[in-house]
Amino acid sequence: MESSPLTTAFTIRPGLAFSTSYRASVYGQGSLQTGFYSSTCPKAESTVRSTVEKYFNRDATVAPGLLRLHFHDCFVQGCDASVLISGSSAEKSAFQNFGLRGFEVVDDAKLQLETACPGVVSCADILALAARDAVDLTGGPSWSVPLGRRDGMISSASEATSLPSPADSVAVQRQKFADKGLTDHDLVTLVGAHTIGQTDCLFFRYRLYNFTATGNADPSINQAFLGQLRALCPQNGDGSKRVALDKDSMSTFDVSFFKNVRDGNAVLESDQRLWEDGNTHDIVRNYAGNIRGLLGLRFDFEFRKSMIKMSSIGVKTGTQGEIRKICSKFN
């Protein structure tokens, strides 16, 4: 997949001198805590939950959108809501962030919370809570989200190269996750989020036509599934057409995604490659086992742990960053 050239400019809060020392450790600060708003804004979590439910009931596909939005936020500048900033050179404008959605859910929750508790609840925390609620609403696990993130003051499209790409080998994926303090186990577990949601033809169509030097499709694709994908994504068709990442149950958070990877039915090349690497293969195989109930519980338990770990990447706390009044703009 060819990515478009990315601008090297960045959007930065006016008056803030750019300094690398401003950034928090990729491993996050140790001061996030559950119940962070219990006295300062007691209805923070319930307000986010009711807002996510409102949008989910209108359109269930907003759930994977919110989960992806949080993931993309955390992998660039840490979990600091930098992906929510608007601007021609801001993070959300990068090619890697094409198709991100769910911004209106965060904005709605923020508007309500600014009315109830002005200047208290960060956009970064709203997004972390919304991602948790999205998983829960699709039948996945729920968990207590450690809170106390503050909003970042830099948003740069050029830094989005740290995001995993659909064409990444396992080695590249492994390095990108390791750079954030995440293990192979976290990698496979978090990629399991592809059990819900869709992707665009442009992110995988190259696998279907002229993938090999002899003009054939990616040989790792199950032949029956290849025909289905070609029907959905013709060679010269609309690249923005949406296709389910989990062909069996795209609206339900379950382990069927791992069965698809095992059987050559993964849509994204990066997902399918997890079956070919010795270490990630074993993790996929364990999740894809046949005892549905037991393995569903195991995946749910591990997904909670990896999400809490990921949502602590590079957080700003204490006096770092700010609490934005509007999530798409620096104060």
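Reader: Why does His72 count as buried?

Author: The relative accessibility of His72 is 8%. Buried means under 20% relative accessible area, exposed means over 50%, and partly exposed is what falls in between (1.4 Å probe, protein chains only). At 8%, His72 therefore counts as buried. Before we go on, this is a predicted model, where local features need pLDDT of at least 70 and side-chain atom pairs count only at pLDDT 80 or more, while totals for chains, interfaces and linings use all residues. Residues are numbered from 1 along each chain as its sequence is written, and side-chain values use heavy atoms, with hydrogens and water left out.

Reader: Where does His72 lie, and which residues does His72 touch?

Author: His72 belongs to helix α2, residues 62-74. Helices (H or I, at least four residues) and strands (E, at least two) are DSSP runs, numbered from the N terminus. Leaving aside residues up to four places away in sequence, His72 touches Glu91, Gln96, Asn97, Leu100 and Leu163. Contact here means heavy atoms within 4.5 Å.

Reader: Pro164 next. What feature does UniProt place at Pro164, and is Pro164 buried or partly exposed?

Author: The unreviewed UniProt entry puts a "binding site" at Pro164. Its relative accessibility is 23%, so Pro164 counts as partly exposed. Pro164 sits in the loop between β2 and α5. Not counting residues up to four places away in sequence, Pro164 touches Phe71, Phe75, Lys176 and Phe177.

Reader: What makes the link between the side chains of Ser156 and Ser158 a polar contact?

Author: The distance is 2.8 Å. A polar contact is a pair of N or O atoms within 3.5 Å; within protein, one must be able to donate a hydrogen and the other to accept it, and residues adjacent in sequence count only if both atoms are side-chain atoms. At 2.8 Å, the side chains of Ser156 and Ser158 make such a contact. Ser156 is in the loop between β2 (154-155) and α5 (170-178), and Ser158 is found in the loop between β2 and α5.

Reader: How do you know whether Ser156 is buried or exposed? And is Ser158 buried or partly exposed?

Author: Ser156 has a relative accessible area of 2%, so Ser156 is buried. Ser158 has 25%, so Ser158 is partly exposed. Ser158 and Ala94 are 64 residues apart in sequence, yet 7.1 Å apart in space, C-alpha to C-alpha.

Reader: Why is helix α6 described as largely enclosed?

Author: Helix α6 covers residues 184-191, and seven of its eight residues are buried, so α6 is largely enclosed by the rest of the structure. The buried ones are Asp184, Asp186, Leu187, Val188, Thr189, Leu190 and Val191. At the start of α6, a side-chain oxygen of Thr183 comes within 3.3 Å of the backbone nitrogen of His185.

Reader: Why are α5 and α6 called roughly perpendicular?

Author: They pack at an angle of about 105°, with their axes 9 Å apart. Axes are lines fitted to C-alpha atoms, for helices over the stretch in contact, and angles run from 0 to 180 degrees between N-to-C directions. Under 35 degrees counts as roughly parallel, over 145 as roughly antiparallel, 65 to 115 as roughly perpendicular and the rest as oblique. So α5 and α6 are roughly perpendicular to each other. Gln173, Arg174 and Phe177 of α5 meet Asp184, Asp186, Leu187, Leu190 and Val191 of α6. These contact residues divide into four nonpolar, one polar and three charged. Nonpolar covers Ala, Val, Leu, Ile, Met, Phe, Trp, Tyr, Cys and Pro; charged covers Asp, Glu, Lys and Arg; the others, Gly among them, are polar.

Reader: How do you know whether Ser82 is buried or exposed, and which residues does Ser82 touch?

Author: Ser82 has 0% relative accessibility, so Ser82 counts as buried. Not counting residues up to four places away in sequence, Ser82 touches Asp73, Val76, Gln77, Glu91, Ile154, Ser155 and Arg324. A polar atom of the Ser82 side chain lies 3.3 Å from the backbone oxygen of Val76.

Key: UniProt positions renumbered as here; feature names shortened; annotations may be inferred.
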